[in-house]
Amino acid sequence: MDKGLLIVLSGPSGVGKGTVCSVLRNKMPELIYSVSATTRLPRQGEVEGVNYFFKSKEQFQDMIARDALLEHAEYVGNYYGTPRDFVERTLASGKDVILEIEVQGALKVKQKFPDGIFVFLLPPSLDELKQRITGRGTESLDTINNRMSVAVEEMNLLRHYDYAVLNDEIDAACDRIRSIIIAEHCRRERFLPYVTGMKAAIEKA
Ligand SMILES: Nc1ncnc2c1ncn2[C@@H]1O[C@H](COP(=O)(O)OP(=O)(O)OP(=O)(O)O)[C@@H](O)[C@H]1O
Ligand SMILES: Nc1nc2c(ncn2[C@@H]2O[C@H](COP(=O)(O)O)[C@@H](O)[C@H]2O)c(=O)[nH]1
């Protein structure tokens, strides 16, 4: 059985990764989302095991020591990491996995999974980016300013990615990413799990 494809969606804080990822998963239910671990405190409404696995610093260090994380990074005062076992098992079972992670972590994943599909989500402008982070209402002014300065540095790393996708409009951004995933399946001569209506025709040919 072919392994699944690893899709890494990255980009600056507030660009809309979470929003786009969630709409994309509705459009592509076969795509499996990897839930990250973090030492950040839960925001209102965030659920353990759905949004994140919330960990103390000690628990997070322990995951690092056990090599339980595929990658991890410190981002604006908190640690974030991708649980290794879930990703490896899901890919081995032939399913596609999507990671929604910041840029340092994405570049570490690229070293381990050079065949992954690396997508950088871009805001229409820096002003719009700031408005989105601020409008979300989850961060203090200090944190917003820190995230904005990191965003400018992160944008310089765009060249390491396979694709840049503009998130001007949520549905349009999702459709662009969906097209990329389908095209990558075709390029690798893999069966298209997302175009199920085509299965019979492909098998007959
Ligand atoms: N295309 C868009 N147009 C307008 N607003 C958007 C768009 N995409 C996302 N947003 C809004 O921008 C805000 C930030 O989005 P989101 O939380 O998804 O960003 P993020 O990149 O996941 O942020 P972080 O990295 O900090 O978790 C949200 O309030 C969301 O509703
Ligand atoms: N390197 C990793 N980055 C991650 C992971 N999970 C989430 N993130 C990114 O962190 C920032 C901040 O997230 P927030 O939820 O506090 O706003 C954002 O860019 C996320 O995409 C991970 O496992 N590894």
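User: What should I know about the model and its numbering before I start?
Analyst: This is a predicted model, in which local features need pLDDT of at least 70 and side-chain atom pairs count only at pLDDT 80 or more, while totals for chains, interfaces and linings use all residues. Residues are numbered from 1 along each chain as its sequence is written, and chains are lettered from A and ligands numbered from 1 in the order in which they are written.

User: Is strand 5 mostly covered or uncovered?
Analyst: Strand 5, residues 69-75, is mostly covered, as five of its seven residues are buried, where buried means that 20 or more other C-beta atoms, placed from the backbone, lie within 10 Å of the residue's own. Strands here are DSSP runs of E with at least two residues, and helices are runs of H or I with at least four, numbered from the N terminus.

User: How many bridges join it to strand 6?
Analyst: Six bridges join strand 5 to strand 6 (residues 78-83), and the two run antiparallel; strands pair if DSSP finds at least two bridges between them. Tyr 75 has Asn 78 as its bridge partner in strand 6.

User: And what's in the turn?
Analyst: Two residues lie between the strands of this hairpin, and Val 76 in the turn has a positive phi of about 45 degrees.

User: Switching topic, which residues come nearest to ligand 2?
Analyst: Of the 14 residues around ligand 2, the nearest are Ser 36, Tyr 80, Ile 101, Glu 102 and Gly 105, with near meaning a C-beta atom, placed from the backbone, within 6 Å. Strand 5 and strand 6 are the elements that give two or more residues to this shell.

User: And ligand 1, which ones there?
Analyst: Around ligand 1 there are 13 residues, of which Ser 13, Gly 16, Gly 18, Thr 19 and Arg 132 come nearest.

Terms used. Buried ≥ 20, exposed ≤ 12 C-beta atoms within 10 Å, placed from the backbone.
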